[in-house]
Amino acid sequence: MSTPLLEIEDLCVGFASERGTLRAVDGVCLHVEKGEILSIVGESGSGKSVAMLALMGLLGAEATWSAKTMRFDGIDLLALPPQARRRMLGKEISMIFQEPSASLNPCFPVGYQIEEMLAAHTQLSSTERRERAEELLRQAGIPDARQRLKAFPHQLSGGMNQRVMIAMAIACSPKLLIADEPTTALDVTIQAQILNLLRALVDETGMALLLITHDMGVVAETAERVSVMYAGHQVESRKVEALFDAPRHPYTKALLEALPDRAPAHGHLPAIPGTVPGIDNRPNGCLFHPRCSRMQEDCRALEPPLLEDGDGLLRCFHPCGTES
Amino acid sequence: MIRFLLLRLAQIVPAFIGVSLIAFAFIRLVPGDPIEVLSGERGIDPERHAELMAKFGYDKPLHLQYFDYLYNLAQGDLGTSLVTRKPVLSEFASLFPATLELSIAAMLFALVLGLPAGIIAALRRGKPTDHILMGSALTGYSMPIFWWGLLLIILFSGILQWTPVSGRIAVIHYVTPVTGFLLVDSLIAGDIDAFQSALRHLVLPAITLGTIPLAVLARQTRSAMLEVLGEEYIRAARAKGLHPWRIVLLHALRNALIPVLTTIGLQVGVLLAGAILTESIFSWPGIGKWLVHSIFSRDYPSVQGGLLLIALCIMAVNLLVDILYGMADPRIRHARE
């Protein structure tokens, strides 16, 4: 196996508060191969976006973070000075966000915002930048690309703006694109279009895609591997087919059972009892134990470690598929 | 855009009539009349007083006087000063450049210091720099103009003797008026000594007048920047790997400018009101000082005309600000089209 494109080991992110540091992300391990689509799935507040902002170096001053390893394409990000780290953003790793229309600056035409990305990271002349921006818009599936360059974000729909964001994100041919809930704010037909576009771009350019979502349906359609997060912890990580066929963690299993397609034809849609613990009232032991159907005494007292399990990772004492 | 402009111009008309009514009424509420004041301490024979009042039309009922005034106004006639016997408009025109020069200098002073102070305070939110800057702004805002002007005179003109106490230029200089701005006219004439003298005279009044706008601008810029810096497009701009200064000065400031523009527009009114005090302290020969004298001498036409013209200036500035909004924010521009 070659060295992975992205390797993160034991990533922790905390936010300072009056009651001490609150852990938003705890012990996350990720590795992404070149050209791979990895999905991080979890409910709101599970720490998936925060983990990615830590990778990008975009956390606010109130956050503290640490990691045992954070390597990108052979470069140790932990040892990299901030300036060099900043220069990697957009060029090597780029990111698109949940609210495309809020992520574009309302005061500048979209063409300008794409050209700005090219000006920051390439040596292209201004005419070349203009041509490249037009080409990128076309590549992102925007009709009348030349006219659209002059449009302001408020003149375009949410779906169009997300396409602009994608065009901008792939402008410098990054090796990794992080998509933070890219379709959550869009309606269902547009969602499918954007996911198809992202998948096609991965095939075309050979970049890797890290797709953050809370939607198992999106995972099934798009990703090759998936990492499930719960309350700042990674609970399970493996290939999509394996995870959908035989989930090992009770939380993953419960999530999948709650999918409308998988639910029994009649009767109520199964739900997970209780709610995700807030960042300031996490339980002892396994974080999922209060809601878990397979909970036993040791789950209350001890926190299960993240261990290798078959071809993936698992954080559970009593996984599904093993009888205890 | 043209529709928008016409609409805004139409809104000016009622405001204009309102100001004319207030100016007309208030000066007449002040005890005494122009003839009485002009005749001085020895007084005037009641018959002669009545004769003169009739001559200027001040014996008519008030509403008729007002309609006469409006009638003349509609023909562009602001009346004639009772003191100097010159048309109010030409008096105003000859003094206004001095006030304008002072106001522009004060506004530049406020902008050059206020915008950076607000930006830095926003970037250093909650840190000592922020507290020092905002504390100074609050102090500046709370300082009465006449007191602040006197303090500056004591320090810079009295103790340090760096600047002259009053006036606009040393009497030995004569500058041919072209624009009415002494700084510009002295440069046109190529008279460097006169330019320096004018500049030295301008510094203290400009600081005095510009301090309150400076404080307001700094605070407004800080809060606008703080709001914008929390926006998602700023995070997205950082994710693009742009230089931090580009993000602050282009992406954030451009968006923060819209509320700041409003403040600048409103501060122009404050400047013109403040000019009345500042010009009196520094004997600055502008409309502020002229207006105070006109009020003291109950020079009805000058007070009415002067207030109306000042109001017109403020309205014009606000219209300009509205047009600038559209330039600063494409969403506003497109909504107007």
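## Two oblique helices in chain B

Helices H1(B) and H4(B) are oblique to each other, a term for angles that are neither under 35 degrees (roughly parallel), nor over 145 (roughly antiparallel), nor 65 to 115 (roughly perpendicular). The axes of H1 (residues 2–29) and H4 (residues 62–74) of chain B come within 11 Å and cross at roughly 135°, where axes are lines fitted to C-alpha atoms, for helices over the stretch in contact, and angles run from 0 to 180 degrees between N-to-C directions. The crossing of H1(B) past H4(B) is right-handed, that is, the near helix is turned clockwise from the far one by less than a right angle.

On the H1(B) side the contact is made by Ser20(B), Phe24(B) and Arg28(B), and on the H4(B) side by Leu62(B), Tyr66(B), Tyr69(B), Leu70(B) and Leu73(B); two residues are in contact if their C-beta atoms, placed from the backbone, lie within 7 Å. By class, these residues are six nonpolar, one polar and one charged, with Ala, Val, Leu, Ile, Met, Phe, Trp, Tyr, Cys and Pro counted as nonpolar, Asp, Glu, Lys and Arg as charged, and the others, Gly among them, as polar.

## The model and its numbering

This is a predicted model, in which local features need pLDDT of at least 70 and side-chain atom pairs count only at pLDDT 80 or more, while totals for chains, interfaces and linings use all residues. Residues are numbered from 1 along each chain as its sequence is written, and chains are lettered from A and ligands numbered from 1 in the order in which they are written.

## Chain B as a whole

Chain B holds 14 helices and zero strands, these being DSSP runs numbered from the N terminus (helices H or I, at least four residues; strands E, at least two). Its C-alpha atoms fill a box of roughly 85 × 55 × 40 Å along the principal axes. Of its 337 residues, 34% count as buried, a residue being buried if 20 or more other C-beta atoms lie within 10 Å of its own, exposed if 12 or fewer, and partly exposed in between.

## Where the chains meet

The contact between the chains takes 18 residues from chain B and 25 residues from chain A. On the side of chain B, two or more residues each come from helix H10 (232–239), helix H11 (244–282) and helix H14 (330–336), and H10(B) gives the largest share, seven residues. That side of chain B has six nonpolar, four polar and eight charged residues.

## Selected residues of chain A

Thr252(A) is found in helix H11 (residues 250–257) of chain A and is buried, with 26 other C-beta atoms within 10 Å. Although Thr252(A) and Glu236(A) are 16 residues apart in sequence, their C-alpha atoms are 7.5 Å apart in space.

Most residues other than glycine have a negative phi. Asp10(A), in strand E1 (residues 6–17) of chain A, has a positive phi of about 55° and is partly exposed, with 14 other C-beta atoms within 10 Å. Glu181(A), in the loop between strand E8 (176–180) and helix H8 (188–205) of chain A, has a positive phi near 45°, and this residue counts as buried, with 20 C-beta neighbours inside 10 Å.
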